[in-house]
Amino acid sequence: MKVVRHIPDLHISGYVGLVPTMGALHDGHRALFRAARAECETVVASLFVNPAQFDQQSDLAAYPRDEERDAATAEAEGVDVLFVPSAEEMYPRGFGTWIGVADTGAEGDARPGHFRGVATICVKLFNIVRPQRAYFGQKDAQQAAVLRRVVRDLNLPLQIRVLPTVRDPDGLALSSRNVRLSADERARALALPRALLAAAREADPIAAARAQLNGLEPEYVEVVDLGDARLLAAAVRIGTTRLIDNVLLEGEIS
Ligand code: AMP
């Protein structure tokens, strides 16, 4: 696996799959690498904690980072090229062009500027790497929906693939932020996937999820439309950690 830090050093050919990540890699990221490995000739993963998509500086500062471990994980999953740019490489002095995203509700309302940062960094990565396919997780369902719309609206020549959420055996969705939960917080966090799963079978899933969150205060509970699927999504704050999750209401993830 080649580790590349500078854009001009990237020499990529073949049918290319791109997996954008912010590192602190876990089995959710591994599932994306495996799908890309199975479907593409060349697999490129990016490791970049994108300052532009953080609405809270404290969240950015506390984001877990371990490049050495992440590189070993990516290599073990057959990634060909690991792109690890600096913030200056992606946002050099004078940078001033952004992808504006129409109002998305839910995550977009809860985190002003978040999807503008996500869309901008992803379009930059698409232009730099030129993948035929880019891989994203259902866990960040609205992110996937926003990127599908960016690709459609701007006629970008790639396909956005979405893969199902990978969970711990007890149901908690894997997230780089889970390491910040204490044992007690982690136990309380289980109410999120449980409430969503139970509520998805009800006539009014939003009200049902709110009623079953077991004392967790939701930032939102909303239905997200992914085009080929509708999802019941929620965000909660447990201590200082913010967690999001969603379950399928109808359709399929692709
Ligand atoms: P992140 O490093 O958190 O920005 O995530 C990089 C990619 O991995 C995004 O497309 C996420 O949706 C995806 N991802 C994160 N957690 C999971 C998970 N538990 N299952 C599947 N995909 C995930």
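Visitor: How are the labels H7 and E7 to be read in this structure?

Guide: Helices and strands are DSSP runs, numbered from the N terminus. The model is a predicted one. Here H7 denotes the helix at 141-153, and E7 the strand at 218-225. Each of these two elements contributes at least two residues to the lining of the second largest pocket.

Visitor: Which element gives the most to the lining of that second largest pocket?

Guide: Helix H7 does, with six residues.

Visitor: What is the volume of the second largest pocket, and which residues are closest to its centre?

Guide: The volume is about 240 Å³. The lining comprises 15 residues, of which Ala 145, Val 146, Arg 149, Val 224 and Asp 225 are the closest to the centre.

Visitor: How does this lining divide by class, and from which domains is it drawn?

Guide: Six of the lining residues are nonpolar, three are polar and six are charged. Domain 1 (2-163) and domain 2 (176-245) each provide at least three residues of the lining.

Visitor: Turning to the ligand, how many residues surround it?

Guide: A residue counts towards this shell if one of its heavy atoms lies within 4 Å of the molecule. In this model 17 residues surround the ligand, and the closest are Met 22, His 29, Asp 140, Val 166 and Leu 174. By class, the shell has eight nonpolar, seven polar and two charged residues.

Visitor: Which elements supply the shell around the ligand?

Guide: Strand E2 (16-21), helix H1 (27-39) and strand E5 (133-137) each supply at least two residues. H1 gives the most, with three.

Visitor: How much of the ligand's accessible area does the protein cover?

Guide: On its own the ligand has 480 Å² of accessible area, and the protein covers 94% of it.

Methods: Residues numbered from 1 in each chain as written. Predicted model: local features only at pLDDT ≥ 70, side-chain atom pairs only at ≥ 80, totals over all residues. Heavy atoms only, no water. 1 Å grid on protein atoms, 1.4 Å probe; cavity = no way out; pocket = protein on both sides within 12 Å on 5 of 7 lines; lining within 4 Å. Points joined across faces, edges and corners; volume = space filled by probe spheres on them. Helix = DSSP H or I, 4+ residues; strand = E, 2+ residues; numbered from the N terminus. Nonpolar A, V, L, I, M, F, W, Y, C, P; charged D, E, K, R; others polar. Domains from an automatic or database assignment. Areas by Shrake-Rupley, 256 points an atom, 1.4 Å probe, with all protein chains shown as cover.
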